[in-house]
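Subject: Structure for your review

Dear colleague,

Please find below the structure I am handing over to you.

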Amino acid sequence: MEPIGVVLNKCKVICENYEKRIPGASGNELFYQFCDDTIRMAFMIAVSDGYVDSKEIDVISRTFGVDFDYSILSKSYGLDYLSDESYMKKIPISIKTVAELEKSENPSPNCFLENTRVLYGAMKEFGNIILNCTGATLKFCVMIQSYFINNILNFIFRMEELDGFSSSQLDEAVNFTKSRLAQRKPLEVKYVDAPEEKKAMSNGGLKMKVQPRQDEGIDVTKHPLEEFKESDNSAKEFNDKNVVETQLESYRGDLKLASFSSPHRTTSTAKAEESNPIDMDTIHEILNDVDGLVGLGNVKKEIHDMVNMMLINEMRRRKGLKSPVVSRHLVFTGNPGTGKTTIARAIGKIYKTLGILEKGHMIETDRTGMVAGYMGQTAEKVSEVVKQAMGGILFIDEAYSLVSENEGDFGQEAINTLLKLMEDNRDNLIVIVAGYTEEMKDFINSNPGLRSRFNRYIQFNDYSDDELLQIFKEYVSGQDFVLEEGTDEVILDAIQKIRAEEEENFGNARSVRNYFEKVISNQANRLMELGTAGLDNTDDLMTITKADLIK
């Protein structure tokens, strides 16, 4: 994972390039707007839990080289994280501008707005940094951040879908952006030179209580979740997944998934397809879940590329055009615990939505589920597991173990049976084989039939220590625990020790999951030693301390 400073520099280059296309825009104005958008998001996340911690302000200041304090941030951005007009329910001007300009360069439907996604990724990453910088992530803060980020991602998806982008639409978008940039008020801050940075960061100290603004009508001294529940309108808006729809109506296009007549398709079939367009909202939701996974940058890109190709092929087919025949079977390579089964399930759901698979479910098996000890029984076991997977995904873990040079081994019988069944059911079955990188290469090269059917590889890289820390924190928040402040280094130290001890057997997220279970066991033992005093207090039941984290 790249440092946030490196990512922001990439964003600066992108903004500078697109700013040249905005008449009258001054130097770096678009990038300053992007920084302004990102800082506002960060402050809204920080304030949404009812107080702003000095660590949160320090992180914002260090990242952007600016000497902020609470009064500056609250004066510039306010405290409104929830009302109908909240910034957290809008698409940032900088993201909107770059998306529109980038779309004008590639007006074809279902393009990939790479530069826009870099800006989106930077905002998402900095939001995660703010969420985790105090060592205690609250669910409501995560909800606010997720809602904001998901709105942006939905906007990007819909921009990518657009079939064309006229010059008049672009002129209108640029003029709107230009006027908004001109209205932007500069922050009343001083920029920090490197030698003064340490001194500037010494400001702050204890948690700074947020004071409610009378004109906003929001009492942030009350727990934000209570405020949220009391506001029916806000709750409705918060749960409206199509909130960005109205922002796109003025210039969005239809996918025009019209059917065509063909000697091989009846009129009723064509009418059914015409009345049942592809469910893009569901595809976007699934891709959003994939994008929300920790790490796996190259895997996410592969999945988006694959979905785009399948979408275009389906659109071509519906318009009577020839579609290239491509193998849908996949090879997942990498060490255990790197998200292979999670991605396989997502692919099944996507292919079902596209109409490629009937059910989209996943059946997971390995050598023990396919190979028997006697002649003839192996073919029956393979046939049975394929039957269960029909209409979905057959996921074969450690597939390389099917190949053996031992006399009397029936692994080759399993492979031969599988290849025949794949050919017989090629329209309603997708097979994904997975395992260690080098072993899987040897497995595919062991049989010409495997090489011809599996020609698309996706590499799942090991997680970094920081990514495993983030995964651990997701386990913590997902099970209604909170971490004591200052625990990051303890967790990272434990992860590094586990990695060193397990060596080539290190299970990545799997090993971290085992560590998490050990931690909550430690916490339970500690609370039991306290007697009833530790069982009646909700905070005690939720809090994981540094002592609990010792491996």
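The lining of the largest pocket draws at least two residues from each of α1 (4–19), α6 (114–132), α7 (139–161), α14 (280–291), α15 (297–318) and α21 (465–478). Please bear in mind throughout that this is a predicted model.

Largest pocket

The space in the largest pocket amounts to about 1600 Å³. Its lining consists of 46 residues, and those closest to the centre are Lys124, Glu125, Asp291, Leu293 and Lys300. The greatest contribution to this lining comes from α6, which supplies 11 residues. In terms of class, the lining of the largest pocket comprises 17 polar, 15 charged and 14 nonpolar residues.

Second largest pocket

The second largest pocket holds about 750 Å³ of space. There are 29 residues in its lining, and Val325, Val326, Arg328, Ile356 and Asp427 lie nearest the centre. At least two lining residues come from each of α15, α16 (340–354), α18 (411–424) and α20 (448–453). With 5 residues, α15 gives the most to the lining of this second largest pocket. The class composition here is 11 nonpolar, 10 charged and 8 polar residues.

Cavities

The count of cavities of 30 Å³ or more is 3. The largest cavity has a volume of about 100 Å³. Of the 14 residues lining the largest cavity, Phe157, Glu160, His284, Leu287 and Asn308 are nearest its centre. Helices α7, α14 and α15 each provide at least two residues of that lining. These three helices also each supply at least two residues to the lining of the largest pocket. By class, the lining of the largest cavity contains 7 nonpolar, 4 polar and 3 charged residues.

Helix α22

Within α22, the residues Ile491, Leu492, Ala494, Ile495 and Ile498 are buried. These residues lie on the same side of α22, because they cover an arc of only 160° around the axis. Glu489, Ala500 and Glu501, on the other side of α22, are exposed.

Cysteines

How many disulfides does a search of the whole structure find? The search returns 0 disulfides. As for individual cysteines, Cys141 is buried, because its relative accessibility of 6% is under the 20% limit. Cys133, by contrast, has a relative accessible area of 22% and is partly exposed.

With kind regards

Notes:
Residues are numbered from 1 along each chain as its sequence is written. This is a predicted model: local features need pLDDT of at least 70, side-chain atom pairs count only at pLDDT 80 or more; totals for chains, interfaces and linings use all residues. Side-chain values use heavy atoms; hydrogens and water are left out. On a 1 Å grid over the protein atoms alone, a cavity is a set of points where a 1.4 Å probe fits but cannot get out, and a pocket is an open set with protein on both sides within 12 Å along at least five of seven lines; lining residues have an atom within 4 Å of a point. Grid points are joined across faces, edges and corners, and a volume is the space filled by probe spheres set on the points. Helices (H or I, at least four residues) and strands (E, at least two) are DSSP runs, numbered from the N terminus. Ala, Val, Leu, Ile, Met, Phe, Trp, Tyr, Cys and Pro count as nonpolar, Asp, Glu, Lys and Arg as charged, and the others, Gly among them, as polar. A disulfide is a pair of cysteine sulfur atoms within 2.5 Å. Buried means under 20% relative accessible area, exposed over 50%, partly exposed in between (1.4 Å probe, protein chains only). The arc is that of the directions from the helix axis to the C-beta atoms.
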